[in-house]
Amino acid sequence: MEERVYIFDTTLRDGEQSPGYTMNTQEKLRVAKQLEALGVDIIEAGFPQASEGDFQAVKLIAETIKECEVAALARANDEDIDRAWEAIKNAKKPRIHTFISTSDIHLKYQLRKTRDEVISIAVRSVKRAKKYTDIVEFSAMDATRSDWDFLVKIFEEAIDAGATVINIPDTVGYAVPDEFGKLVKYIKENVRNISNAIISVHCHNDLGLATANSIAAIRSGARQVECTINGIGERAGNASLEEIAMILKTRKDMFSVYTGINTEKIYPTSRLVTTITGVPVQPNKAIVGANAFAHESGIHQDGLLKAKFTYEIMTPESVGIPKSTLVLGKHSGRHAFRERIKELGFNLNERELNLAFKRFKALADLKKNVYDEDIEMIIMDEIYKVPEKYKLVYLNVTCGNTTVPTATVKLEIDGVVLQEVSTGVGPVDATYKVIKKLVKTQSRLVKYSVNSITKDMDAQGEVFVKLEEKGISAVGKGVDTDIIVASAKAYLNALNKLEFMKQKKG
Ligand code: KIV
Ligand code: ZN
């Protein structure tokens, strides 16, 4: 009989904590709702003890999400566990995930504790978490560099103390598939009370083996995998959810397991994470990269035209890439627009739909084809915007190879219209200098990137900007057929978000 593999998504914890992937509370909530629609079993919403912002985000997600378990991470100490519980206590299915290192390397150099001390801390923490909730996960950090018999011992004790899931993390991405599969088998065969817990794995991708190791673990009996959308996470990332889900589906013949993932929601989820974080997926990324289903070679194209399965092991539609060639334009009506929005995984009310449709029509007047990426950007820009303290009223830039780039910008700031002029080394620099002058911001620009979001000459430019100020960072996006305007919008969007976050933090 087929067994279920539980999908534990840690995009909002291990993914979000890595550099460049910061999200604000509302953005985390949107990702969480999308993960719920995707069908993940557990959402690890964050690490409440890490910061007030993390705490609030976990709390909001716990109060909103109904279909999935919501997990909060806690180190193996009373304060972390109490704080984790405080954040998730209103969840329909709350899970506390507590962890401590088990490798001799970490014990000697980081924790400075003996193995016996580590066991008693683990037991105490699991018991404390168990007083709060039935679902308790215990992780042995750096498990793959730990002594296997010590792992057996600590897992037995953790299960006796009430752990319902024991997790084997490859924290530093050191394991190779054969070895990792054997470790999982060893745990399964030697932990006396293992029938009372689910075996979980959590693989990092330092050697590019996170997915392969997770799959080897499933083969050996792991029934929970921890993973992230687009494989984002510490250093080289975590195991990628989309890869694991599609391996188990496409090679069903090799594994008698299934997941609850609605694979058609994979691509919209991947796009949502990209548009929120501003970090694009590499084009050759399996399943969700721009080239994942693009066939360039003549021989392949010839085969595909004769019969799809000659070179296609899964269809783009099965991962939610819309039937692509149906592009909207200025003659497309509200009905087609509404349908496309649904296909893209957005759930808009009538008012939001009207707003987005108006923007779509304006864009369709400017460019011939409106692609899915354009529509996503309209929705991000129009529907999910933060309050606009700073609004762009007017922008005029002169530049070229015989003139000094000069920008004139008019902004509305709290209802008052102000204007300034500045020169710069280029048109974006000149524009940003004026905005900086008008807003009097103390923030630092730490990232600026510009991409064309679709392929035509009249494509929209998509600009991402990251700002930092006193430990708070904000990613802003701007989209326009003119990249200088898109740059100004992105900068203002980041400034508005920063302002919003500063106010929230009091
Ligand atoms: O990589 C790791 O070991 C972790 C643990 C907290 C599970 O992220
Ligand atoms: Zn990790």
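**Chatting through a predicted model**

Modeller: In this predicted model, three strands make an open sheet, ordered β11-β12-β13 with antiparallel pairing; strands pair if DSSP finds at least two bridges between them, and a strand is a DSSP run of E, at least two residues, numbered from the N terminus.

Colleague: Which are the edge strands?

Modeller: β11 (390-398) and β13 (416-423), each pairing on one side only.

Colleague: And how many bridges join β12 to β13?

Modeller: 8, with β12 covering residues 406-413. Glu412 stands opposite Val417 in β13.

Colleague: New topic: how do helices α2 and α11 cross?

Modeller: The axes of α2 (residues 25-38) and α11 (residues 266-277) come within 10 Å and cross at roughly 170°. Axes are lines fitted to C-alpha atoms over the stretch in contact, with angles from 0 to 180 degrees between N-to-C directions. Helices are DSSP runs of H or I, at least four residues. The pair is therefore roughly antiparallel (over 145 degrees).

Colleague: Which residues of α2 make the contact?

Modeller: Glu27, Arg30, Val31, Gln34, Leu35 and Leu38, where contact means heavy atoms within 4.5 Å.

Colleague: What about domains, where do they lie?

Modeller: An automatic or database assignment gives domain 1 (3-277), domain 2 (294-382) and domain 3 (390-505). The centres of domains 1 and 2, over C-alpha atoms, are 34 Å apart.

Colleague: How are the residues numbered, and what limits apply?

Modeller: Residues count from 1 along each chain as written, and chains are lettered from A and ligands numbered from 1 in written order. Local features need pLDDT of at least 70, side-chain atom pairs count only at pLDDT 80 or more, totals for chains, interfaces and linings use all residues, and side-chain values use heavy atoms, leaving out hydrogens and water.

Notes:
Parallel < 35°, antiparallel > 145°, perpendicular 65-115°, else oblique.
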